[in-house]
Amino acid sequence: MRTVKFGSAQGLGYKSEIAHRNVFFFRYATEPYTVFNMLWASSSVTVVAALAGLANGQNTDFQKSPPSYPAPWARGGNGWDDAYNKAKQFVSGLTLLEKVNLTTGVGWLGEACVGNTGSIPRLNFAGLCLQDSPLGVRMADKVSAFPAGQNAAATWSTRMMKTRGQAMGAEMRDKGVDVQLGPVAGPLGRVALGGRNWEGFSVDPVLTGVAMTETIKGIQDSGVVACAKHYIMNEQEHYRDLVHANVDDKTMHELYLWPFADSVRAGVGSIMASYNLVNDSYASQNSYILNYLLKNELDFQGFVMSDWWAQHTGAASALAGLDMTMAGDQGLSSDNTYWGSNLTASVLNGTVPQWRLDDMAVRIMSAFYKVGRDKVRVPTNFNSWSSETFGYQHPMANEGYQQINFHVDVQADHKNIIREIGAKSSVLLKHNNNVLPLNNPKSIAVIGEDAHDNPAGPNAFGDRGGDVGTLAMGWGSGTTNFPYLISPNTALKAQAAKDKSKYVNISNNYDFDAITNAIRGTEVAIVFGNADSGEAYINVDGNQGDRNNMTLWQNADAVIKHVASHHSNVVVVLHTVGAVEVEYMRLHPNITALLWAGLPGQESGNAITDVLYGKVNPQAKTVFTWAKKREDYGVDIIYDSPLPNPQQNFNEGIFIDYRHFDRAGIEPSYEFGYGLSYTTYQYSNLQIQKNNPGPYEPTTGKTNPAPTFGKIDMDPAHAEFPEGFHAVPFYIYPYLEADVPYNNSEAWIPKGAKDSSPQPKVPAGGSGGGNRQLWDALYTVSCTVKNTGKVKGTEIPQIYVNLGGPDDPKVVLRGFTELILGPNESGTFTYQLTRRDLSNWDTKSQNWVVSRYPKTVYCGASSRNLPLKGALY
């Protein structure tokens, strides 16, 4: 046998001086947790009663996450039947070691991708390749750099959201990636300065849910498994692996869980558990959010993976619903694992039952077959750790020297959709005197570092961890390499040459004399500014992932104010990761136009030039609220804490962003859903038709018993390293590394965790995303939009509702579409208001309920511009 490298493994029966780590997260030691021990004692009635008790005051400090066992087993259904049957057949033929290999990553830098599972050589099945990012293939060449999620959402176009997903999926597929680590619904954007908000879509759960749905469909239509992340409550980067995100049941369902429910309904193949704790239990081993909410209530049929090194226990996390561990080692290149050999031992000694391991493997392979990986899979042809053609197959160990990069160009014509999204996601926030679009101006001055190239190139900073020149992507693991980056200066200079316009540009944001001279006498001055953020492992100018403030970077605020004090026609363009302070821009009479261009990707300069010169008429709407000052948001980052595990209580409940501004009566600079156009629109003719889909029926009955697939060889001798086997250093294997401990106490194992008998179904569950009747159409609502201007444009009509209760927001978004209208042309927006749209989460019955309060529907152009309203009787 090899030397023991188990680390903490109390959940497997191995003795360890820190064995208490596995028990801590089930919290059985103290009296307040007694109620949770009984949650699954008999039936779903018990669950409902216990959770209702928590809602009625027993959980006011948000500190307790009720255990939920056993982990639900996959069943197929909801479009999964064919994939599930193929997965069952595949898994039935696997050995114990092969099943474990499917679930366990091989370790950091173990193979070519950022995450790789073990292979099954006997079947010529290569381990799965899991690769960042949500906006393109990370750490590879000849790939595209797509616009960020926020930009995709800002188009409010389901077509563009899906097309972007298809294009990203195609690039992943042709690079040999099995699982794309995206899209992102967490962070949702609770805190405006959250470092990774730009990776997701919007602070609104409905808009994010639609964007998740379309992106997932696009990625998976291209034959790659999508991974919805980060599940859940991962709302800041500071203390991200220590913070206790504490949330009540109603807020969880109505806000943060909503887009993940949409993801499950869309058929997403995998979900990534986040770093943080949720109500005192780490997300990757929180049985309530994994077993009860995700796999039971939402009926998720795919697999749950940990974020990289977000796993903290062995058998405990398996029983709590985790299906795959990433990167496989306990820490970065730690040379030990919670699973792998440990999971093999835990199955052999009965700590983890065979049905749970089989379910893990079946879920992984179901996702594989659902997207058709068996038909389109190609070998991985790039390497995340080196751009050289030749290198090591196992970089951490410097072993297996061979060709590692084949430099396959997968970009196709994707620059076109990147440019289109970049333009159509640019929000026109201010527009005075019809200064735009530009039409052969005699002279133009382009000012600001953000308009210009980084002299060292767009990929000068690893994982884009720096801010020099124009900003088209945030930083961190959610990035990719730019194949090129068209700066605004490059594109605008080319346009000026075509128009024979006099052109001058200044990139130095501290040379105010040069700026003054440059703008003197020009017809228009265009000033660019940016603000950056990203992931916590990179610190940029003192910003540890999350932003420190709402000001612009690169001294851009001072530049904008200076230019506006010397020029009467100033157009400001912002490349930012979220809201910044723009009130002075809104009020300044010389700032005639203000545009948010976000993070538009590689075609940045061409995209904004298309908008400024009228090739594209702005249609975008802002996907967050622009506050006058950061304090107006009501919640903020925990930057410093006297506690090693900060308590982040979500006391605001569902009232974030525009919901909070409406309730508090705070006037923003620009409200959620706002955006101007080069034309104007008129809203009229709200029509409401009541439908009769029948009463809502909670799901009842029980599941089938847990199945097992194939017979496991329980002889430990057959799970040891083969004679003469060469073990690659730091590589995670499923082979035993010590004697299997038997007859150990199972007192730590939660009640019901190993129960394979039929389990009660959850009343709010039963189908992908929740009870299928939640999508019954209760009302059909329509409104008419007319283009009253002189140019063709695209308007985004939005449907909001007021649910009528004293604790409900003034309005919440429920639907939207894009209407392309010529001058004087009218179009009709029709939307089906579903039962889900009109329901609140009832903590007593643990179900969705349409309350008796009077409800109102609104149609308009933003959350605060809703000229049409009607009662829902």
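**Exercise 1. Classify the packing of α17 and α21 in this predicted model.**

Solution. 
- Step 1: take the geometry. The axes of α17 (residues 488-499) and α21 (residues 604-612) come within 7 Å and cross at roughly 45°.
- Step 2: apply the cut-offs. Angles under 35 degrees count as roughly parallel, and 65 to 115 as roughly perpendicular. α17 and α21 are therefore oblique to each other.
- Step 3: The crossing of α17 and α21 is right-handed.
- Step 4: list the contact residues. α17 contributes Pro488, Ala491, Leu492 and Gln495, while α21 contributes Ser604, Gly605, Asn606, Ile608, Thr609 and Leu612.
- Step 5: sort by class. The contact of α17 with α21 has five nonpolar, five polar and no charged residues.
- Step 6: look at the spacing. In an α-helix, residues three or four places apart point the same way, because there are 3.6 residues a turn.

**Exercise 2. Classify the packing of α18 and α19, then find what covers the buried residues of α19.**

Solution. 
- Step 1: α18 (residues 512-519) and α19 (residues 556-566) pack at an angle of about 40°, and their axes are 10 Å apart.
- Step 2: that angle makes α18 oblique to α19.
- Step 3: the hand of the α18 and α19 crossing is right-handed.
- Step 4: on α18, the contact uses Phe512, Ile515, Thr516 and Ile519; on α19, it uses Ala558, Val559, His562, Val563 and His566.
- Step 5: by class, the contact of α18 with α19 has six nonpolar, three polar and no charged residues.
- Step 6: turn to burial. Ala556, Asp557, Val559, Ile560, His562, Val563 and Ala564 of α19 are buried.
- Step 7: name the cover. The elements over the buried residues of α19 include α18, α20 (583-587) and the strands β13 (443-447), β15 (524-531), β18 (570-576) and β19 (591-596).

**Exercise 3. Decide how far α5 is covered, and by what.**

Solution. 
- Step 1: count. Eight of the eight residues of α5 (residues 96-103) are buried.
- Step 2: name them. They are Leu96, Leu97, Glu98, Lys99, Val100, Asn101, Leu102 and Thr103.
- Step 3: find the cover. It includes α4 (81-92), α13 (341-348) and α14 (354-370).

**Exercise 4. Is His312 buried or exposed, and where does His312 lie?**

Solution. 
- Step 1: locate it. His312 is in the loop between β9 (303-306) and α12 (315-319).
- Step 2: The cut-off for buried is under 20% relative accessible area. His312 has 14%, so His312 is buried.
- Step 3: A polar atom of the His312 side chain lies 3.4 Å from the backbone oxygen of Ala310.

Notes. Residues numbered from 1 in each chain as written. Predicted model: local features only at pLDDT ≥ 70, side-chain atom pairs only at ≥ 80, totals over all residues. Heavy atoms only, no water. Axes fitted to C-alpha atoms, helices over the stretch in contact; angles between N-to-C directions. Helix = DSSP H or I, 4+ residues; strand = E, 2+ residues; numbered from the N terminus. Parallel < 35°, antiparallel > 145°, perpendicular 65-115°, else oblique. Left-handed = near helix turned anticlockwise from the far one by under 90°. Contact = heavy atoms within 4.5 Å. Nonpolar A, V, L, I, M, F, W, Y, C, P; charged D, E, K, R; others polar. Buried < 20%, exposed > 50% of the residue type's maximum accessible area, 1.4 Å probe, protein only. Polar contact = N/O pair within 3.5 Å; in protein donor to acceptor, adjacent residues only side chain to side chain.
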